[in-house]
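Subject: Structure handover and notes

Hello,

Here is the structure for your files. My notes on what was found in it follow below.

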Amino acid sequence: TVTLATTQAFASFWLIPRLADFRRTHPGIDIRISADTRLVDLERGRFDAAVRYLQDRNAPASALRLFGDTVVPVVSPALLKKSAKPLAKPADLAHHILLAYEDEGQRRPWLSWPVWLEMAGVADLRPAGSIAFNQYEPTIRAAIDGQGVALATLALVADLLKQGKLVAPLPQRFANPRSYYLLLADRAATNPAMEPFRRWLADQVE
């Protein structure tokens, strides 16, 4: 068994869609996932590993970097077709509902609409309306359901873009200062299931 702590967003949008492949190639290894917004103690929490969103300079030398990320506005293609309102440049966001992820303590300001709009040169833009969420996952789910435009971390929604559930119509894309890393607990060294899981994660990233 491999016990993994991670965020709800990483588990829902990136890891879970790929777990069937791991089960197929490693049927003898069970996975236990703890998906939470709280930061757990990797050693005291009895976890083998954790996937965390860290600034590169703060990542331990032993950590496996999975991928960096870019922030993009995303929207359901059905909403664009239904509303017939343009969304080709940042100023066009004035015609749309903005779906806002308001994380506690502003730990992820790069997913804030005011920050993105300022970087895009339209800081004074007034949208047609807004809906705010305190979690990232429902923000993206609302975008899929056609409720408005959300800011997304590109690596997490890449599959949704390929599937056509979301589109990223604006060319402006801004890199954020963090990457996803796999951190191993001390106890992982004695778990024979951990290394196959680590290799599988690296292969999935490639």
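Leaving aside its neighbours within four places in sequence, which residues is Asp69 in contact with? The residues are Tyr53, Thr153, Leu154, Ala155, Ala175, Asn176, Arg178 and Tyr180, where contact means heavy atoms within 4.5 Å.

Some conventions before the rest. This is a predicted model, in which local features need pLDDT of at least 70 and side-chain atom pairs count only at pLDDT 80 or more, while totals for chains, interfaces and linings use all residues. Residues are numbered from 1 along each chain as its sequence is written, and side-chain values use heavy atoms, with hydrogens and water left out. Helices (H or I, at least four residues) and strands (E, at least two) are DSSP runs, numbered from the N terminus.

Asp69

Asp69 sits in the loop between β4 and β5 (70-74). With a relative accessibility of 8%, Asp69 counts as buried; the term means under 20% relative accessible area, with exposed being over 50% and partly exposed in between (1.4 Å probe, protein chains only). Its side chain makes a polar contact with the side chain of Thr153 at 3.4 Å. A polar contact is a pair of N or O atoms within 3.5 Å; within protein, one must be able to donate a hydrogen and the other to accept it, and residues adjacent in sequence count only if both atoms are side-chain atoms. A polar atom of the Asp69 side chain also lies 3.0 Å from the backbone nitrogen of Leu154.

The sheet with β8

Thr153 belongs to strand β8 (residues 149-153), of which 5 of 5 residues are buried. Val149, Leu151 and Thr153 point one way from β8, and Ala150 and Ala152 point the other way. In a regular strand the side chains alternate between the two faces of the sheet.

Strand β8 is part of an open sheet of 5 strands in the order β7-β6-β8-β5-β9, with mixed pairing. Its edge strands, β7 (129-133) and β9 (174-175), each pair on one side only. Two strands pair if DSSP finds at least two bridges between them. β5 and β8 are antiparallel, over 4 bridges; Val71 stands opposite Thr153, and Pro73 has Leu151 as its bridge partner. On the parallel side, β6 (residues 97-101) pairs with β8 over 2 bridges, and Leu99 stands opposite Ala150.

Two helices go with this sheet. Helix α4 (residues 136-144) packs on the sheet and touches β5, β6, β7 and β8, its direction making about 130 degrees with that of β8. Helix α5 (residues 154-162) lies across β5 and β8, at about 115 degrees to β8. For these angles, axes are lines fitted to C-alpha atoms, for helices over the stretch in contact, and angles run from 0 to 180 degrees between N-to-C directions. The buried residues in α4 are Tyr136, Thr139, Ile140, Ala142, Ala143 and Ile144; they pack against α1, β5, β6, β7, β8 and α5. After α4 comes Gly146, with a positive phi near 80 degrees.

The sheet with β4

Another open sheet has 5 strands in the order β2-β1-β3-β10-β4, with mixed pairing. β2 (31-35) and β4 are the edge strands, each pairing on one side only. From one strand to the next the twist averages 30 degrees. β1 (residues 2-6) and β3 (residues 49-55) pair in the parallel sense over 2 bridges, with Leu4 opposite Ala49.

Helix α6 (residues 194-205) packs on this sheet, touching β1, β2, β3, β4 and β10 (178-184), and its direction makes about 160 degrees with that of β10. The buried residues of α6 are Met194, Pro196, Phe197, Trp200 and Leu201. Seen down the helix axis, these residues fall within an arc of 165 degrees, so they line one face of α6; the arc is that of the directions from the axis to the C-beta atoms. Their cover includes β1, α1 (8-25), β2, β3 and β10.

Leu64 is in strand β4 (residues 64-67). Apart from residues up to four places away in sequence, Leu64 touches Tyr180, Tyr181, Leu182, Arg198 and Ala202.

Regards
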